[in-house]
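Here are my notes on the ligand site and the domain layout. Please read them with the structure open.

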Amino acid sequence: MILKNGNTFHLQGRSTSYIILINEYGDLIHYHYGKKLADMDYCARIANESRSVMSYDEKGICLEISLLEYPAYGYTDLRSPAYSVKNKYGNSVSRLLYKDYCIIQNEVQQIEGMPCVFSGDKKAQTLEITLRDNIINLEVILSYTVFEEYDIILRSAKFINTADEVMTVETCYSASIDFEKGEYDLVYFPGAWIREREFIRTEIRLGEKLDISNARGGSGHAVNPFVMLCSKDATERKGEVYGFSLIYSGNHSTVVECDIYGNVRVKQGINPFEFEHELRPDETFYTPQSVLCYSDSGFGGLSREMHDVYRNNLCKSKWANMDRPILINNWEATYFDFDEEKLMEIVKKAKALGIELFVLDDGWFGKRNDDKSSLGDWFVNKQKLPSGINGLAKRVNNEGLKFGLWFEPEMVNPDSKLYRTHPAWAISVPDRRPAFGRNQYMLDLSNNDVCDYIIKSLSDILGNANISYVKWDYNRMMTDMPCKGYNHRYTLGLYKVLDALTEKFPDVLFEGCASGGGRFDAGILAYSPQIWTSDNSDAVSRLKIQYSTSMCYPLSTISAHVTASPNHQVGRITPLKTRADVAYAGIFGYELDITQMDAVETEEVKKQIEFYNEIRTLVRTGDFYRLQSPYDGNYCSWQIVAKDKSEFVLFGCRVLALPNTKDAILKLEGLDESLQYTDIDTEEQFGGAELMYRGILPKYKNYDFSTFVRRFKSK
Ligand code: DGJ
């Protein structure tokens with residue numbers, strides 16, 4: 001609900017309040033974000049709280065000590081700004097003052113050309129506040145959406161040039177919010193290839209400015225566009241936590257700044273580094289959407305809220321609400337070295353195991369037998385696949401499996417027909433040969449002709465064969481950007497292509513990928529309900545990767561495969577059971593040469609598939625509780641509980657075996673105290689209250705990487 005009381009806007013979510021005030025000059029002041037408050041006109045508080053010895057005006061008001069909603073730099077707030085627009089005089093001094101507002105019922109304003117949360121069957125209201133700088137004739141419309149059923153606020157900004165001259169948008173965060181002086185920690189998720197999204201928690205000290213930004217082109221391995229600000233006492237189960245997730249796949253930035261008074265500013269949006277956008281008279285510029293989420297039940301509470309929002313109200317694909325097929329991908333089985341008969345051997349074995357989808361990965365097109373050629377030439381290599389894609393898809397379908405195909409549509413190898421025909425389609429700057437990344441260049445998606453080529457060449461293949469699934473890969477970062485702001489234009493081109501293809505092929509399940517999890521962001525999730533989480537499929541590494549990915553993103557988006565042992569990325573030898581037990585907490589599949597498995601392994605895999613079939617709806621739709629963090633030591637455990645609390649799955653891992661040691665009891669969460677739960681395998685019975693308040697002793701085998709998965713149902 002959005003209430004206006006005097007000069008106060010009060011946005012109420014399910015159990016949160018977000019309160020904005022307009023001061024006597026028209027500055028937009030932030031008053032409260034957190035637990036729900038009763039509604040009233042809070043305006044009288046502003047004058048008192050905005051005074052300092054360093055006042056800049058006769059009434060003693062100082063913007064620098066105030067909590068602001070969308071601050072500028074160069075007037076009386078000297079912290080780093082939410083926006084900066086260079087005017088005709090070449091300076092960027094500005095002060096946006098309140099002009100008017102409107103409330104839009106039952107709708108989330110969709111942002112032109114960019115993915116957004118949608119309202120679906122949820123009740124939402126949007127507040128649009130128009131701010132204006134009369135000196136330079138700039139208008140900015142701040143948009144805030146609240147949901148009756150969620151504790152999230154969607155924020156974005158729209159810049160309108162109402163002057164007669166060109167102005168240049170240099171900085172344009174989607175959201176900025178000033179938190180009252182206090183003691184906070186910041187949690188963020190830096191990483192690298194095969195080491196995605198590590199969980200880092202750090203103190204925020206006076207005068208500190210933490211820049212959680214990425215300028216690698218895609219949202220990147222280096223740091224995820226999701227952060228959390230939390231109270232010092234916040235844990236998985238308790239404490240105040242604020243989440244900030246940007247729905248954007250390009251260069252992003254989240255800045256956390258503790259000012260001279262101890263107030264903490266958090267702002268999130270497009271990275272201003274190497275960004276600018278020329279705004280001609282009457283033109284509008286839209287920022288992406290930032291999703292703010294509040295929970296007073298710790299990281300766990302915040303994650304469960306984000307999971308519900310993202311799985312129900314972000315991805316437009318019909319697959320978002322459907323169980324996904326269990327797949328086998330040939331990449332780690334064959335790499336580039338395959339022919340049709342080898343693939344069909346895998347397919348036949350997969351059928352016998354109960355696998356539902358066969359995915360043909362890299363190497364099926366052009367002359368591609370390694371990573372040095374053919375990206376861009378999306379026509380089949382008949383030497384490898386004499387039946388063609390259509391024929392192979394039919395053969396796979398005849399075996400009773402669906403067929404899926406890998407593409408890397410945004411790229412081109414210099415050794416390709418496409419590059420030889422259109423060298424200017426690769427991103428480059430004059431007089432310089434573009435830098436390589438995995439022997440390839442990036443295509444210029446700011447060019448409509450390039451976007452049309454990608455749409456057409458993929459449509460030709462998807463329209464002419466029974467293809468049920470697409471793996472959309474992206475294996476290098478951006479260099480040689482032709483101008484400032486290029487990355488944003490590229491990102492808009494990418495969304496245009498994804499929009500066109502997902503709309504044209506609504507039945508196809510799209511999976512995102514970027515050298516593993518190098519573009520695991522909410523923008524990509526709007527098109528593909530699942531993303532390949534990491535090229536590191538070692539079960540022990542995956543404990544951490546999946547654990548921290550789940551902080552923002554639901555299990556229904558986390559693609560997880562059982563691969564070979566020794567593992568191809570880290571060389572670790574782990575039991576087949578461990579590999580499957582970890583991968584169950586996601587979108588499950590296999591990626592190893594199943595034709596080489598012996599009879600014992602074959603039987604074990606059949607049972608794993610039967611088991612995942614039984615739990616996959618629960619994994620996709622249930623509430624996720626992280627019980628023990630792999631970042632804290634030798635254990636990791638989690639629990640997936642049905643929304644109606646009638647059943648749950650419990651997973652535990654003890655990484656290294658310990659001699660003569662008692663493992664800590666696990667106190668479960670999210671159950672119904674009054675229900676009796678039965679372990680489906682052992683038929684042991686436990687009370688809901690017993691499991692939560694007394695706990696359950698984990699049972700580990702006496703070897704390294706021992707895991708268990710137990711399934712419980714109430715009668
Ligand atoms: C990187 C991906 O993450 C892998 O899964 C695989 O598809 C390769 N690219 C293929 O080149």
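1. A polar contact here is a pair of N or O atoms within 3.5 Å; within protein, one must be able to donate a hydrogen and the other to accept it, and residues adjacent in sequence count only if both atoms are side-chain atoms. By that criterion, a polar side-chain atom of Trp406 is 3.1 Å from a ligand oxygen. The side chain of Asp362 places an N or O atom 2.7 Å from an oxygen atom of the ligand. Asp473 has a polar side-chain atom 2.7 Å from a ligand nitrogen. Of the 290 Å² of accessible area that the ligand has on its own, the protein covers 97% (Shrake-Rupley method, 1.4 Å probe).

2. The model is predicted: local features need pLDDT of at least 70, side-chain atom pairs count only at pLDDT 80 or more, and totals for chains, interfaces and linings use all residues. Residues are numbered from 1 along each chain as its sequence is written, and side-chain values use heavy atoms, with hydrogens and water left out.

3. The ligand is surrounded by 13 residues (a heavy atom within 4 Å). The closest are Asp361, Asp362, Lys471, Asp473 and Asp535. How does the shell divide by residue class? It has six charged, four nonpolar and three polar residues (Asp, Glu, Lys and Arg count as charged; Ala, Val, Leu, Ile, Met, Phe, Trp, Tyr, Cys and Pro as nonpolar; the others, Gly among them, as polar).

4. The domain assignment, automatic or from a database, gives domain 1 (2–313), domain 2 (318–532) and domain 3 (628–714). The C-alpha centres of domain 1 and domain 3 are 39 Å apart. Six residues of domain 1 contact five of domain 3 (heavy atoms within 4.5 Å).
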